Amino acid sequence: MLAPLGRDDPRRIGPYRLQSRLGAGGMGVVYLGFTDSNQPVAVKVASAILAGDSQFRTRFAHEVAAARRVRGGCVAGVLDADTTAEQPWMVTEYVDGVSLADAVARRGPLGDRMVRGLAVGLADALVAIHAAGVVHRDLKPSNVLLAWDGPKVIDFGIARLPDTERLTRAGHVVGTLAWMAPEHLQGQDVTAAVDVFGWGACVAFGATGRHPFGEDRSAAVAFRVVNEAPDLTGLPADLAGPVAAALAKNPADRPRASALLAGLLAAPTGPTAGGSGPRPAPTAVATRAYLSDVWAPPSRSDPNRSDPNRRGPLRSEAPRPAPTRRDPSRPEPPPWSAPPARP
């Protein structure tokens with residue numbers, strides 16, 4: 001959600017002109033910025049308080065290193081960073097979309113077709129993340145953006161590279177309690193399997209509009225994550241099996257992200273509905289082809305979206321209020337409860 005810059009917000013970070021706030025948290029603020037050529041970017045700036053903490057600076061540098069190693073169409077890529085600045089900052093692609101958490105809160109559960117697109121896109125993102133030797137460790141609905149060309153995974157704030165030192169004390173848990181895998185909650189070794197668990201939780205949330213282990217205080221949900229079976233009522237039949245496997249208590253029982261993606265792309269009731277036959281191995285081409293068929297592309301009538309490689313408001317004027325009537329120059333958000341209409 002865009003918000004105006006405050007009196008204390010910077011107007012420029014490095015070579016980037018800042019226009020609005022995209023969000024804020026304990027680690028800092030994310031701004032909508034623009035390059036000299038008016039390309040929109042997301043600029044994450046560490047808080048002044050944390051910037052003076054040497055351990056935080058090391059962790060921020062590891063975040064940047066982790067995110068830079070990941071390449072994939074379903075991950076917001078890192079464009080620039082300065083981890084030695086007075087307030088460290090990182091610049092990523094600007095993703096013009098709404099988070100999975102906000103989409104469900106506003107419109108309710110996604111339709112079956114959109115849920116399958118979400119499942120494929122998130123699996124594809126995890127394949128790219130894990131291929132880079134990175135574990136995200138905080139996959140949750142607020143870290144998944146539903147963009148015009150498919151879902152995008154963001155925020156590597158607690159991601160860890162296997163070859164870096166631990167930056168937390170033994171037994172200290174870092175992450176979002178209600179969305180953690182059982183072994184993460186119990187302080188055990190964190191592997192790529194925690195992201196697969198997050199995939200299952202996010203897909204179940206998108207399909208049903210609720211957490212698979214109940215809506216309650218975080219501690220109560222965490223207890224059920226460790227000790228009880230998930231409630232998968234309402235999932236499309238072809239996704240119930242993969243989601244149940246992803247939510248297995250034992251990380252060794254969960255499939256790899258590549259196996260999830262291969263199964264989803266080969267399922268005749270999912271990506272190949274329409275009689276084109278099962279798709280072969282999980283490839284970037286197959287994944288993007290499927291997502292482009294499920295997700296609505298930007299409106300061709302919008303001059304700001306004439307370049308498919310440019311997303312978001314390419315001009316630098318202040319954001320306009322949301323129109324009360326359909327504005328043909330600006331596409332409406334996708335109707336998350338039903339397949340979007342193609343132009």
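**Entry 1: ground rules.** I began with the word contact, which means heavy atoms within 4.5 Å. With that in hand, I looked up the contacts in the protein with a separation of 6 or more, and residues 24 or more positions apart account for 63% of them.

I also noted that this is a predicted model, where local features need pLDDT of at least 70, side-chain atom pairs count only at pLDDT 80 or more, and totals for chains, interfaces and linings use all residues. Residues are numbered from 1 along each chain as its sequence is written, and side-chain values use heavy atoms, with hydrogens and water left out.

**Entry 2: the whole protein.** I looked up the helices and strands and found 10 helices and 10 strands. Both are DSSP runs numbered from the N terminus, helices being H or I with at least four residues and strands being E with at least two.

How much of the protein counts as buried? I found 48% of the 343 residues. Here buried means under 20% relative accessible area, exposed means over 50%, and partly exposed is in between, with a 1.4 Å probe and protein chains only.

The accessible surface comes to about 15,800 Å², and 53% of that surface belongs to carbon and sulfur atoms. Such areas come from the Shrake-Rupley method with a 1.4 Å probe, and for residues only the protein chains shown count as cover.

**Entry 3: cysteines.** A disulfide is a covalent bond between the sulfur atoms of two cysteines. The search looks for a pair of cysteine sulfur atoms within 2.5 Å, and over the whole structure it finds 0 disulfides.

I then looked up two cysteines, Cys74 and Cys202. Cys74 counts as buried because its relative accessible area is 1%. Cys202 is buried too, with a value of 0%.

**Entry 4: the cavity.** How many cavities of 30 Å³ or more does the structure hold? I found 1. On a 1 Å grid over the protein atoms alone, a cavity is a set of points where a 1.4 Å probe fits but cannot get out, and lining residues have an atom within 4 Å of a point.

The space in the largest cavity is about 50 Å³. For such a volume, grid points are joined across faces, edges and corners, and the space filled by probe spheres set on the points is taken.

I looked up the lining and found, among others, Arg137, Trp179, His184 and Gly198. Helix α6 (residues 193–208) gives the most to this lining, with 3 residues. By type, I noted 5 nonpolar, 2 polar and 3 charged residues in the lining. Nonpolar covers Ala, Val, Leu, Ile, Met, Phe, Trp, Tyr, Cys and Pro, charged covers Asp, Glu, Lys and Arg, and polar covers the others, Gly among them.

**Entry 5: two positive phi angles.** I stayed with Arg137, which sits in the loop between α4 (112–131) and β9 (144–147). Arg137 has a positive phi of about 75° although it is not a glycine. Is Arg137 buried or exposed? Arg137 counts as buried because its relative accessibility is 15%.

Asn38 is not a glycine either, and its phi is positive at about 70°. I found Asn38 in the loop between β4 (28–34) and β5 (40–46). At a relative accessible area of 26%, Asn38 is partly exposed.

**Entry 6: around helix α6.** Ala193 is in helix α6 and is buried, with a relative accessible area of 12%. Leaving out residues up to four places away in sequence, Ala193 touches Glu183, Pro251 and Arg254. I also looked up Ala193 and Ala252: they are 59 residues apart in sequence, and their C-alpha atoms are 7.7 Å apart in space.

His211 lies in the loop between α6 and α7 (218–227). Its relative accessibility is 6%, so His211 counts as buried. Which residues does His211 touch, not counting those up to four places away in sequence? I noted Ala178, Trp179, Phe205, Val221 and Val225.

Entry 7: Gly108 is in the loop between α3 (100–107) and α4, and it counts as buried at 16% relative accessibility. Gly108 and Thr208 are 100 residues apart along the chain, with 8.1 Å between their C-alpha atoms.

Glu86 is in the loop between β6 (78–82) and β7 (89–93). Glu86 is exposed because its relative accessible area is 73%. Not counting residues up to four places away in sequence, Glu86 touches Ala51 and Arg57.

Technical notes
On a 1 Å grid over the protein atoms alone, a cavity is a set of points where a 1.4 Å probe fits but cannot get out, and a pocket is an open set with protein on both sides within 12 Å along at least five of seven lines; lining residues have an atom within 4 Å of a point.
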